[in-house]
Amino acid sequence: MSPDCVFCKIVKGEIPSHKVHEDAATFAFLDIHPLARGHTLVVPKRHAARLQDVDPKSLGPLFAAVHALTPRVCKAVKAPAATIAINDGRESGQEVPHLHVHIVPRTAGDGAGPIHALFPKRPTVKPDEFAPLAEQVRQAIPPAP
Ligand code: AMP
């Protein structure tokens, strides 16, 4: 737990939330500023700011909860689809530095578009640049555990 973290406080019950699920490792609650009805956040109980900060073994329970909750959330608000997203790091738009998965119910005509719509300034990657880029990624030093 991190003493100043708003999501740790929600997990501990020190800040109220509209809980939709809890298990040994995971807590899920409605987003207070929903992008759609039923917008749900799924968080690991153990504090970690970002995806790379958690033990990969703990991602099983987190994504199992996302897997179980997504159809329930969608059914509850009669949405046929969902956008499932993590803002990983400040520059990506992460405002709360406690890893969380957004489950945002989606409906035709909700006006949001695909995640591709987030990127109006897309780079042009020429066909012969893909192979060296892939090699750069393969060679990149993995982050320290
Ligand atoms: P992100 O930008 O990915 O860090 O998203 C953080 C999300 O947390 C936002 O969608 C906020 O609306 C939501 N949020 C912040 N504080 C609370 C809270 N006390 N209860 C529920 N949701 C919250």
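Helix H1 (6–12) and strand S2 (26–30) each contribute at least two residues to the shell around the ligand. Helices here are DSSP runs of H or I with at least four residues, strands are DSSP runs of E with at least two, and both are numbered from the N terminus. This is a predicted model, in which local features need pLDDT of at least 70 and side-chain atom pairs count only at pLDDT 80 or more, while totals for chains, interfaces and linings use all residues. Residues are numbered from 1 along each chain as its sequence is written, and side-chain values use heavy atoms, with hydrogens and water left out.

The ligand is surrounded by 15 residues, and the closest are Asp31, Gly93, Glu95, His100 and His102. A residue is near a molecule or strand if one of its heavy atoms lies within 4 Å of it. By type, the shell around the ligand divides into 7 nonpolar, 6 polar and 2 charged residues. In this division Ala, Val, Leu, Ile, Met, Phe, Trp, Tyr, Cys and Pro count as nonpolar, Asp, Glu, Lys and Arg as charged, and the others, Gly among them, as polar.

Aspartate 31 has a polar side-chain atom 2.5 Å from an oxygen atom of the ligand. At isoleucine 32, a polar backbone atom is 3.1 Å from a nitrogen atom of the ligand. Valine 96 places a backbone N or O atom 2.9 Å from an oxygen atom of the ligand. On its own the ligand has 510 Å² of accessible area, and the protein covers 85% of this. Accessible areas come from the Shrake-Rupley method with a 1.4 Å probe; for residues, only the protein chains shown count as cover.

The ligand takes up the space of the largest pocket. A pocket is found on a 1 Å grid over the protein atoms alone, as an open set of points where a 1.4 Å probe fits, with protein on both sides within 12 Å along at least five of seven lines. A molecule sits in a pocket if more than half of its atoms lie within 2 Å of its grid points.

Histidine 100, one of the closest residues to the ligand, lies in the loop between strand S4 (81–85) and strand S5 (101–106). Histidine 100 is buried, with a relative accessible area of 4%. Buried means under 20% relative accessible area, exposed means over 50%, and partly exposed is in between, with a 1.4 Å probe and protein chains only. The side chain of histidine 100 reaches the backbone oxygen of histidine 98 at 2.6 Å. Histidine 98 is in the loop between S4 and S5 and is buried, with a relative accessible area of 0%. Its side chain makes a polar contact with the side chain of histidine 47 at 3.2 Å. A polar contact is a pair of N or O atoms within 3.5 Å; within protein, one must be able to donate a hydrogen and the other to accept it, and residues adjacent in sequence count only if both atoms are side-chain atoms.

The wider chain comes next. The protein chain has 3 helices and 5 strands, which run α-β-β-β-α-β-β-α from the N terminus on. Its C-alpha atoms fill a box of roughly 50 × 40 × 25 Å along the principal axes. Of the 145 residues in the protein chain, 28% are buried.

Individual residues show how positions along the chain relate to positions in space. Valine 11 belongs to helix H1 and is buried, at a relative accessible area of 13%. Valine 11 and proline 44 are 33 residues apart in sequence, and their C-alpha atoms are 9.0 Å apart. Valine 66 lies in helix H2 and is buried at 4%.

Lysine 78 is in the loop between helix H2 (59–76) and S4, and its phi is near 55°, a positive value in a residue other than glycine. Lysine 78 is exposed, with a relative accessible area of 74%. Aspartate 128, in the loop between S5 and helix H3 (130–139), is also exposed, at 61%.

Terms used
On a 1 Å grid over the protein atoms alone, a cavity is a set of points where a 1.4 Å probe fits but cannot get out, and a pocket is an open set with protein on both sides within 12 Å along at least five of seven lines; lining residues have an atom within 4 Å of a point.
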